[in-house]
Amino acid sequence: MSDPWIAVGALALVGLAIPISMIVVSSLLRPSVPEQGKRATYESGEIPTGDTRIRFNIQYYMVALLFVVFDIETVLIFPWALIYSDAVTEFGLGPVLGPMLVFLAILAIGLGWAWRNGAVRWIKSERAEIKSQL
């Protein structure tokens, strides 16, 4: 296989084809039985009580944002790793490795900044602290 981008394209195609085919097949096979209970907020059979608006800790969103950033980093590094050896032989080590090291340095600086500002520090609730003392 002379072109490694064929592997990346095939992986992307399979990654899109599998979920789309699962959605299509499940929509064709599942029964459609419209009931009044299915339109309720909760389908567990319990009558909903209280307010549906719950305040979440901002820490959940920070962890999710950091996950997305480092997940995208993995997606960007994978194709670079596929062509690394061919690119080094063609362009040399410096022009190939330099931009990736700068990219990884920016990510490391961002992780250090998030760590210093407490974005990755998990805050325990009062209820969890009381439970751990028992």
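**Close-up views of a predicted helical chain**

**View 1. The bend in helix α2.** Helix α2 bends by about 55° at Tyr84, as seen in this predicted model. The helix covers residues 58-91, and Ser85 lies within it. With a relative accessibility of 47%, Ser85 counts as partly exposed, because that category takes in values between the limit for buried residues, under 20%, and the limit for exposed ones, over 50%. Although Ser85 and Val96 are eleven residues apart along the chain, their C-alpha atoms are separated by 9.4 Å.

**View 2. The buried side of α2 and the residue that follows the helix.** Gln59, Leu66, Glu73, Pro79 and Ala87 are the residues to look for here, as they are buried in α2. The buried residues of this helix pack against α1 and against α3, which spans residues 93-116. After α2 comes Gly92, which has a positive phi, near 100°.

View 3. Leu16, Ile20, Val24, Val25, Leu28 and Leu29 make a nonpolar surface patch of about 640 Å². One of these residues, Leu28, is placed in helix α1, and it is exposed, with a relative accessible area of 68%.

**View 4. Confidence along the chain.** The protein chain has a mean pLDDT of 82, with 79% of its residues reaching 70 or more. Confidence is highest in helix α1 (residues 4-29), at a mean of 93, and lowest in helix α4 (residues 126-133), where the mean is 66. Where pLDDT is low, the predicted coordinates should not be read in detail.

Note on methods. Residues are numbered from 1 along each chain as its sequence is written. This is a predicted model: local features need pLDDT of at least 70, side-chain atom pairs count only at pLDDT 80 or more; totals for chains, interfaces and linings use all residues. Side-chain values use heavy atoms; hydrogens and water are left out. pLDDT is the predictor's confidence in each residue, from 0 to 100. Helices (H or I, at least four residues) and strands (E, at least two) are DSSP runs, numbered from the N terminus. Patches are made of residues with over 30% relative accessible area and no salt bridge: like charges are joined within 9 Å, nonpolar side chains (Val, Leu, Ile, Met, Phe, Trp, Tyr) within 5 Å. Accessible areas come from the Shrake-Rupley method with a 1.4 Å probe; for residues, only the protein chains shown count as cover. A salt bridge is a side-chain nitrogen of Lys or Arg within 4 Å of a carboxyl oxygen of Asp or Glu. Buried means under 20% relative accessible area, exposed over 50%, partly exposed in between (1.4 Å probe, protein chains only). The bend at a residue is the angle between axes fitted to the seven residues ending there and the seven starting there. Contact means heavy atoms within 4.5 Å.
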